[in-house]
Amino acid sequence: MARERRHFDAYFKLEVVRLIKEQGRAVSEVCHSLDLGETAVRRWLAQYEAELGGGAGIGKPLTPEQQRIRALEAQVKRLQEDNAILKKASAFFARELK
């Protein structure tokens, strides 16, 4: 009988990681006490380490800084696309006026 897939928010994941990192608790102990899979928790730990190192990590960002960085990167990409469209439109209308 398979368990239904559970979803955890970034705050919960970050708290689990802090239990392990800051309080020195074992991964297996935390997993057992919170009824979590070790694979997921180890993935959260790897993502946290990657984010601390300045990398993007995998999946949804855990730290508020990484969440803000991802949002800003998405905004920059959208603005660059808008700028490219405006440049093409400007070139098109400049040709039409000649």
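This is a predicted model: local features need pLDDT of at least 70, side-chain atom pairs count only at pLDDT 80 or more; totals for chains, interfaces and linings use all residues.

Biologist: How many salt bridges does the count come to?

Modeller: The rule takes a side-chain nitrogen of Lys or Arg within 4 Å of a carboxyl oxygen of Asp or Glu. Among the pairs is Glu-29 with Arg-25, whose closest N and O atoms are 3.1 Å apart. By this rule, the count is 5.

Biologist: Which residue forms a salt bridge with Arg-6?

Modeller: The N to O distance in this salt bridge is 4.0 Å, and the partner of Arg-6 is Asp-35. The pair links distant parts of the chain, 29 residues apart: Arg-6 lies in the segment before α1 (10-21), and its partner in the loop between α2 (27-34) and α3 (38-52).

Biologist: What separates Arg-18 and Glu-15 in helix α1?

Modeller: These two side chains form a salt bridge, with the closest N and O atoms 3.5 Å apart. Both positions lie in helix α1, 3 residues apart, so the separation is about one helical turn.

Biologist: Is Arg-25 buried, partly exposed or exposed?

Modeller: Buried requires under 20% relative accessible area, and exposed requires over 50%. Arg-25 has a value of 25%, while Glu-29, its salt-bridge partner, has 39%. Because 25% falls between the two limits, Arg-25 is partly exposed.

Technical notes. Residues are numbered from 1 along each chain as its sequence is written. Side-chain values use heavy atoms; hydrogens and water are left out. Helices (H or I, at least four residues) and strands (E, at least two) are DSSP runs, numbered from the N terminus. Buried means under 20% relative accessible area, exposed over 50%, partly exposed in between (1.4 Å probe, protein chains only).
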